[in-house]
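Visitor: I have a structure here that I would like to talk through. Could you take me around it?

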Amino acid sequence: MSVTNTQPDISKQQMAEAGFKAATVILDGWGCTQAEMLSILRLSKSSFYSFRKDSEKVRLDDDQLERLSYILNIHSALRIIFDNPENVRGFMTMPNHNAYFEGRKPLAIIASGKFSDLYEVAIRIDALRSGIWG
């Protein structure tokens with residue numbers, strides 16, 4: 001018996017457009033400055049404004065798409081952890097005293113623009129969602 005996929009295939013371009021829109025809304029909600037957004041997303045200022053003005057112009061490489069994915073996953077985990085929207089938005093700007101964070105704010109860490117920092121913050125927030133904080 002074969003299973004027919006009735007879902008249309010989503011193109012990389014469609015993922016980039018939707019992901020960029022969602023990620024910028026999330027980053028705005030976290031209180032990111034423009035400079036932080038550019039660093040986190042690894043975008044030039046001109047590309048960022050071009051994409052915001054016309055989402056059909058969004059062109060992202062695999063690294064940038066993966067960055068969007070981590071931002072969306074962090075937000076999703078925070079929505080599972082917290083019932084209160086203020087905590088979902090505010091967590092990233094609160095000093096965190098767990099081992100990895102050492103009093104730093106998660107947003108300040110990912111604002112470095114280093115992919116490894118975004119990854120490390122994402123896996124630790126996911127661990128918190130899973131109840132395995134360390």
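Predicted model: local features only at pLDDT ≥ 70, side-chain atom pairs only at ≥ 80, totals over all residues.

Visitor: What percentage of the 134 residues is buried?

Guide: Buried residues account for 35% of the 134. The protein exposes about 7900 Å², of which carbon and sulfur atoms supply 52%.

Visitor: And the contacts: what share joins residues at least 24 apart?

Guide: Of the contacts between residues at least 6 apart in sequence, 55% join residues at least 24 apart.

Visitor: Let us go inside. Which residues in the largest nonpolar core touch the most other members?

Guide: That core has 35 residues, and those touching the most other members are Trp 30, Ile 74, Met 92 and Val 121. Two or more core residues come from each of helix 1 (12–29), helix 2 (34–41), helix 3 (45–53), helix 4 (62–81), helix 6 (106–110) and helix 7 (115–129). Helix 4 gives the largest share, 7 residues. As a general point, nonpolar side chains tend to be buried together in soluble globular proteins.

Visitor: What is Ile 74 in contact with?

Guide: Apart from neighbours within four places in sequence, Ile 74 is in contact with Trp 30, Met 92, Leu 118, Val 121, Ala 122 and Ile 125.

Visitor: Where is Ile 125 found?

Guide: Ile 125 is in helix 7. Its relative accessible area is 0%, so Ile 125 is buried. From C-alpha to C-alpha, Ile 125 lies 9.1 Å from Ile 81, although the two are 44 residues apart in sequence.

Visitor: Back to helix 4. What is its reach from first C-alpha to last?

Guide: Helix 4 has 20 residues and reaches 28 Å, close to the 28 Å expected at 1.5 Å a residue.

Visitor: Which of its residues are buried?

Guide: The buried residues of helix 4 are Gln 64, Leu 65, Arg 67, Leu 68, Tyr 70, Ile 71, Ile 74, Ala 77 and Leu 78. Their cover includes helix 1, helix 2, helix 5 (85–90) and helix 7.

Visitor: Change of topic: how many aromatic pairs are there?

Guide: The count comes to 7 aromatic pairs. One of them joins Phe 48 and Tyr 49, with ring centres 5.5 Å apart and planes at 80 degrees.

Visitor: Why is that pair called edge-to-face?

Guide: The planes of Phe 48 and Tyr 49 stand at 80 degrees, so the pair is edge-to-face, the cut-off being over 60 degrees. Phe 48 is buried at 1% relative accessible area, whereas Tyr 49 is partly exposed at 41%.

Visitor: What about Tyr 70 and Phe 115?

Guide: Tyr 70 and Phe 115 also form an edge-to-face pair, 5.6 Å centre to centre with 70 degrees between the planes. Tyr 70 is in helix 4 and Phe 115 in helix 7, so this pair ties together parts 45 residues apart in sequence. Tyr 70 counts as buried at 16% relative accessibility; Phe 115, at 24%, is partly exposed.

Visitor: Which residues form one aromatic cluster?

Guide: Phe 20, Phe 48, Tyr 49 and Phe 51 form one cluster.

Visitor: Last one: where does the charged end of Arg 104 sit?

Guide: The charged end of Arg 104 sits over the ring of Tyr 100, 5.3 Å from the ring centre.

Conventions. Residues numbered from 1 in each chain as written. Heavy atoms only, no water. Core = buried A, V, L, I, M, F, W, Y, C linked by side-chain atoms within 4.5 Å. Buried < 20%, exposed > 50% of the residue type's maximum accessible area, 1.4 Å probe, protein only. Helix = DSSP H or I, 4+ residues; strand = E, 2+ residues; numbered from the N terminus. Contact = heavy atoms within 4.5 Å. Phe/Tyr/Trp six-rings, centres within 6.5 Å; stacked < 30°, edge-to-face > 60°. Lys NZ or Arg CZ within 6 Å of the ring centre and 35° of its normal. Areas by Shrake-Rupley, 256 points an atom, 1.4 Å probe, with all protein chains shown as cover. Expected span 1.5 Å × (residues − 1).
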